[in-house]
Amino acid sequence: MFEKSVTPVAQREAHPANHPAGISSDRTQAVTIRSVTTRKDRALFIKLPRLLYQGMASYTPPLDIEQRDLLDPGKAPIFRHASVRYFIAWRGARPVGRIAAIVDYVATARWEERIGLFGALDAEADESVIRALLDAARAWLRENGMVQMRGPVTLNCHGESGVMVSGQDEAPMIATPWHPPHLHRMMERIGLKKEMDLLTFRLDLKQDYDFSSLFPQGFAPGSGRYEDISISRLSKRQIAAQGEVLRALYNDAWADTYNFVPMQAHEMRTMIKALRPVLRPEHYVQIDQNGAPVAMALVVPNIFDLTRDIGPQPSPLGWVKLAARIMTHRCESARVILLGVSHLVRGTMLGALLPPLAISELLSRRNKLPYRYVELGWILETNTPMLNLVERFVTQPNKTHRIYAESLAGPPRS
C-alpha cells in the first residue's frame with residue numbers, strides 16, 4: 001500500500017466557506033496518502049466529492065450510481081484498456097481529498113508518447129492536500145514508465161474533462177465536472193501549468209437564432225446542387241448500429257484534435273446503454289452525402305434536472321419519481337456532447353456549412369423537446385472555426401474547464 005505523510009503548510013485561503021458542514025478545519029495532523037485497495041475504500045472514493053463540497057453554494061451532487069458507472073472497475077469501460085490507481089488523502093481518520101492516476105494504453109499508442117493522466121481530483125481548500133495527491137499520482141505514473149502527466153480527466157478524454165475555472169454558479173450539467181474555485185487556484189500555485197482551456201457556451205432556446213446568413217442563397221439540403229445531402233434522426237430500433245456509425249464518424253472527425261483518443265467499440269456500447277432510456281429521435285442529427293455519413297451532432301438531456309430534489313442516493317420513492325420523470329422527459333436543459341465533420345469534407349465549402357447545419361437542425365426541433373437552453377461544450381480554445389460560429393450567437397462562454405500538463409522527467413518533487 002502506498003502511504004505518505006506530508007507536513008502541513010500555511011494556507012492562504014482559510015475562509016469558513018471552504019470548510020462546509022462535516023469537514024473540520026483542524027490541520028494539526030499530517031496528510032497521509034493511501035491507495036484504494038478495498039470495496040469500502042472505493043465506495044468512499046466515489047462519494048467523497050459530495051462529502052467535501054456539501055454546503056457549498058451552487059454545488060449539486062450527481063447520482064452515486066452515475067459516478068459508479070464512471071469509476072467502478074466493474075462498470076467503467078476504460079478499465080478494459082487502462083491501468084488505474086486511486087488514492088485518498090487523510091488527516092487522521094478524516095478523508096480530505098482524492099485523485100486517480102491513469103495509464104491509458106489506447107492513448108499512449110495513439111499519441112506515441114508516454115503521457116500518463118490524472119483525474120478525479122477533489123480536495124478541501126488545503127495546498128498540502130492537493131500537493132500530496134499530485135505527488136502520489138506523479139510517483140505512480142513514473143513507476144509505470146510515463147514521462148509526462150496531463151489532466152484532470154475522469155477517466156479519459158471521453159468523460160469529464162478539466163478542472164472548473166469559471167461557471168461554478170451556473171446550473172449543473174450532465175457529464176460536466178464541478179469544482180470549487182480554490183482547486184484550480186491552488187493547483188497553479190503549486191506549479192501546474194495550463195495546457196488547454198475547454199469552453200462551454202449556453203444557447204437560450206427562447207431566443208430565435210438566424211442561421212440564414214451562414215448559408216449560401218437558396219441552400220436547401222436534398223435539392224439543387226445539394227441534392228446529395230440528407231439529414232437523418234435517431235432510430236431507437238437501430239440504436240446499436242447507429243452507435244457504431246456515430247463512433248466511426250466521431251473518431252474520424254476528431255482524429256487530429258488535441259488530447260484525442262479513439263473511442264473504442266465497448267465504450268460506445270456503454271454510452272448508448274446509459275443514454276438509451278432518455279434518448280429520443282430528435283436528439284441526434286446525422287448528415288449524409290450520397291448515403292455516407294459526413295457530420296453528426298448528439299444532444300443529451302440534463303439528468304440533473306430530474307435529480308436535483310431527489311439527492312445522490314434516492315430512496316425507493318425517489319427512484320419511482322426519477323423513473324416517472326424519465327418517462328415523461330421533464331428535463332429543462334441539455335448538452336450537445338458530440339459535434340463533428342468528417343475529414344472527407346473538412347476544408348471544403350460543404351465542410352464549413354455542416355456544423356451550422358447540424359446546430360440549426362437541432363434547434364429546429366425545439367418544439368418537440370422541453371428544453372429552455374442547451375449547452376455547447378466543450379469547445380477547445382484553439383478551435384477557431386467553431387468559436388467563430390458559436391460567438392455569432394453567444395459572445396462569452398458560461399463555463400471554462402482547464403487541462404494541465406507537466407514533465408515527469410528529472411528527480412521527484414520534494
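In this predicted model, the largest cavity is lined by 36 residues, and those that lie nearest its centre are Pro-62, Gln-67, Glu-160, Pro-177 and Trp-178. Several elements give two or more residues to this lining, namely helix 1 (39-53), helix 2 (64-71), strand 5 (115-123), strand 7 (153-154), strand 8 (160-161) and strand 9 (163-166). Of these, helix 1 provides the largest share, with five residues. The volume of the largest cavity is about 400 Å³, and a search of the whole structure finds six cavities of 30 Å³ or more.

Pro-62, which is among the residues nearest the centre of the largest cavity, is also one of the contacts of Pro-312. Pro-312 is found in the loop between helix 8 (304-307) and helix 9 (316-328), and it counts as buried because its relative accessible area is 18%, where the limit is under 20%. Leaving aside neighbours within four places in sequence, the residues in contact with Pro-312 are Arg-50, Pro-61, Pro-62, Leu-63 and Asp-64. Although Pro-312 and Thr-60 are 252 residues apart in sequence, their C-alpha atoms are 8.9 Å apart in space.

For Ala-82 the corresponding values are as follows. This residue is found in strand 3 (residues 82-91) and is buried, with a relative accessible area of 12%. Beyond neighbours within four places in sequence, Ala-82 is in contact with Ile-102, Val-103, Asp-104 and Tyr-105. Ala-82 and Gly-347 are 265 residues apart in sequence, and the distance from C-alpha to C-alpha is 34 Å.

Helix 5 (residues 181-189) contains a set of buried residues, His-182, Leu-183, His-184, Met-186 and Met-187. The cover over these buried residues includes helix 1, strand 5, helix 4, strand 9 and strand 16 (399-407); among these elements, helix 1, strand 5 and strand 9 also give two or more residues to the lining of the largest cavity. Helix 5 is followed by Gly-191, for which phi is positive, near 115 degrees.

Charged side chains were examined next. The count of salt bridges comes to 22, and one group of residues, Glu-188, Lys-194, Asp-197, Glu-381 and Arg-402, is linked in a network of such bridges. Within helix 4 (residues 127-143), Asp-135 and Arg-138 lie three residues apart, about one turn of the helix, and their side chains meet in a salt bridge with an N to O distance of 2.7 Å. In an α-helix there are 3.6 residues a turn, so residues three or four places apart point the same way. Both partners fall under the 20% limit for burial, since Asp-135 has a relative accessible area of 11% and Arg-138 has a relative accessibility of 3%.

A salt bridge is likewise formed by Glu-361 and Arg-365, with the closest N and O atoms 3.1 Å apart. Glu-361 is buried, at a relative accessible area of 17%, and Arg-365 also counts as buried, at a relative accessibility of 2%.

Asp-256 and Arg-346 form a further salt bridge, in which the closest N and O atoms are 3.8 Å apart. This pair links distant parts of the chain, as the two residues are 90 residues apart, with Asp-256 in the loop between helix 6 (239-253) and helix 7 (265-275) and Arg-346 in the loop between strand 14 and helix 10 (349-364). Asp-256 counts as exposed because its relative accessibility is 66%, whereas Arg-346, with a relative accessible area of 36%, is partly exposed.

Arg-335, which lies in strand 14 (residues 333-341), presents another arrangement. This residue is buried yet has no salt bridge, and the nearest side chain of opposite charge, that of Glu-375, is 5.8 Å away. The side chain of Arg-335 does, however, reach the backbone oxygen of Ile-174 at 3.4 Å. Apart from neighbours within four places in sequence, the residues in contact with Arg-335 are Met-173, Ile-174, Ala-175, Thr-176, Leu-298, Val-299, Val-300, Glu-375, Gly-377 and Trp-378.

How values were computed:
Residues numbered from 1 in each chain as written. Predicted model: local features only at pLDDT ≥ 70, side-chain atom pairs only at ≥ 80, totals over all residues. Heavy atoms only, no water. Helix = DSSP H or I, 4+ residues; strand = E, 2+ residues; numbered from the N terminus. Buried < 20%, exposed > 50% of the residue type's maximum accessible area, 1.4 Å probe, protein only. Lys, Arg positive; Asp, Glu negative; His and termini not counted. Salt bridge = Lys/Arg side-chain N within 4 Å of Asp/Glu carboxyl O. Polar contact = N/O pair within 3.5 Å; in protein donor to acceptor, adjacent residues only side chain to side chain. Contact = heavy atoms within 4.5 Å. 1 Å grid on protein atoms, 1.4 Å probe; cavity = no way out; pocket = protein on both sides within 12 Å on 5 of 7 lines; lining within 4 Å. Points joined across faces, edges and corners; volume = space filled by probe spheres on them.
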